[in-house]
Amino acid sequence: MASSKCTSLSGALSRQLLDSVDSVLFDCDGVIWRGDQTIPGAPEVINSLKKNGKRVFFVTNNSTKTRQMYADKLGKLGFNATADEVFGTAYCSAMYLKNVCKLDGKVYLIGSNAMKQELEEVGIQPVGVGPDPISGVQIDWANVPLDKEVQAVLVGFDEHFSYMKLNRALQYLCNPDCQFVGTNTDTRLPLEGGKAVPGTGCLLKAVETAAQRQAQVVGKPSSFMFECVASQFDLDPQKCLMVGDRLDTDIMLGSNCGMKTLLTLTGVSTVAEAEANQKSECPHRQRMVPDFYVDSIADILPALQA
């Protein structure tokens, strides 16, 4: 398609873009829903894409739900979706540890019950889920009992994150053979009304700082997230469209993997930020410039129904 980057998508251009792809990958929060409320028109867009023969996938950095939990939520909100179309970081982390790390031992998990379930689904035993209260003094903390079968530390979102969990992760990661994986680096989770809470990236950075090691991150914008989808469904990135509301995760993922990219303005990032990146001479910022943008994904519905 001949067009400049960061172009407003409408009318004939929408049809041209959709004709050029056979698969569409959607981020979830801020794109097809906000919290428990759908973005108006989003279910109709997803369902119309499928009726038009497009394959649709859902890629999210949120590690607090299993694939089935996401499929259940999608169904309740009116989306035609199945669990095998969902690729969250809970599932992708389990696939990374199994297929890339070839893990045959246990994993120390700073994360959710959903992550525990996804790890168990692929035959990996997690330890550490739930609260880990502190006791004793510093020398006790440095000599905290460790499970000798643990071969990796995995960090995701954990509402029970604590000093003792941070310490236990450090003790495991003192072993250079212990793998170190993080779900994503999102530092803040935006909420309604302009509020926000700390995201997984804050927890991961704390563990990286304590361990003096860098984690392998599997979530967006890491190309592994797309590879996870592509390997199972034989996707050609040049025939894929990545739709998201964040420049630093969704649009960057699309750029990193050679997909077409569409920014929707119902979530985090703005056109002004995209245009500032476009004017920058920094290659990293250039990868955060979408090919197209829309006010809402509902804007492409007329092209689907034409």
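Predicted model: local features only at pLDDT ≥ 70, side-chain atom pairs only at ≥ 80, totals over all residues.
The chain as a whole, then. It has 13 helices and 16 strands, and its C-alpha atoms fill a box of roughly 70 × 40 × 35 Å when the box is taken along the principal axes. The radius of gyration is 20 Å, which agrees with the value near 19 Å that a compact globule of 306 residues would have. If we take the contacts with a separation of 6 or more, residues 24 or more positions apart account for 70% of them. The chain exposes about 13800 Å², and carbon and sulfur atoms supply 49% of that area. As for charge, there are 29 positive and 35 negative side chains, and the centres of these two sets lie 1 Å apart.

Let me turn to the strands. Seven of them form an open sheet with parallel pairing, and the order across the sheet is β1-β16-β15-β14-β2-β5-β6. At the edges stand β1, residues 7-8, and β6, residues 86-88; each has a single partner strand, so one side of each is left without a neighbour in the sheet. Within this sheet, strand β2, residues 23-26, is joined to strand β14, residues 240-244, by four bridges, with the two strands running parallel, and phenylalanine 26 stands opposite valine 243 of β14.

Why can we describe β9, residues 150-155, as largely enclosed by the rest of the structure? The reasoning is that five of its six residues are buried. Strand β9 pairs with β7 in the parallel sense over five bridges, and four bridges join β9 to strand β10, residues 179-182, again in parallel.

Lysine 220 and proline 221 are joined by a cis peptide bond, with omega about 10°, and proline 221 is found in the loop between β13, residues 216-217, and α9, residues 223-233. Lysine 102, in the loop between α4, residues 89-100, and β7, residues 106-110, has a phi near 55°, a positive value in a residue other than glycine. Glutamine 212, in the loop between α8, residues 200-211, and β13, likewise has a positive phi of about 55° although it is not a glycine. Is each of these two side chains' residues buried or exposed? Lysine 102 has 59% relative accessibility and counts as exposed, because the cut-off for that term is over 50%; glutamine 212, at 72%, counts as exposed as well.

I will finish with threonine 249, which has its place in helix α10, residues 247-257. Its relative accessible area is 4%, and threonine 249 is therefore buried, the limit being under 20%. Leaving aside residues up to four places away in sequence, threonine 249 touches Asn61, Asp186, Lys220 and Pro221, and the last two of these are the residues joined by the cis peptide bond. Finally, the C-alpha atoms of threonine 249 and valine 289, which are 40 residues apart along the chain, are separated by 11 Å.

How values were computed: Residues numbered from 1 in each chain as written. Heavy atoms only, no water. Buried < 20%, exposed > 50% of the residue type's maximum accessible area, 1.4 Å probe, protein only. Contact = heavy atoms within 4.5 Å. Rg over C-alpha atoms; globule rule 2.2 N^0.38 Å. Areas by Shrake-Rupley, 256 points an atom, 1.4 Å probe, with all protein chains shown as cover. Lys, Arg positive; Asp, Glu negative; His and termini not counted. Charge placed at Lys NZ, Arg CZ, Asp CG, Glu CD. Pairing = 2+ DSSP bridges.
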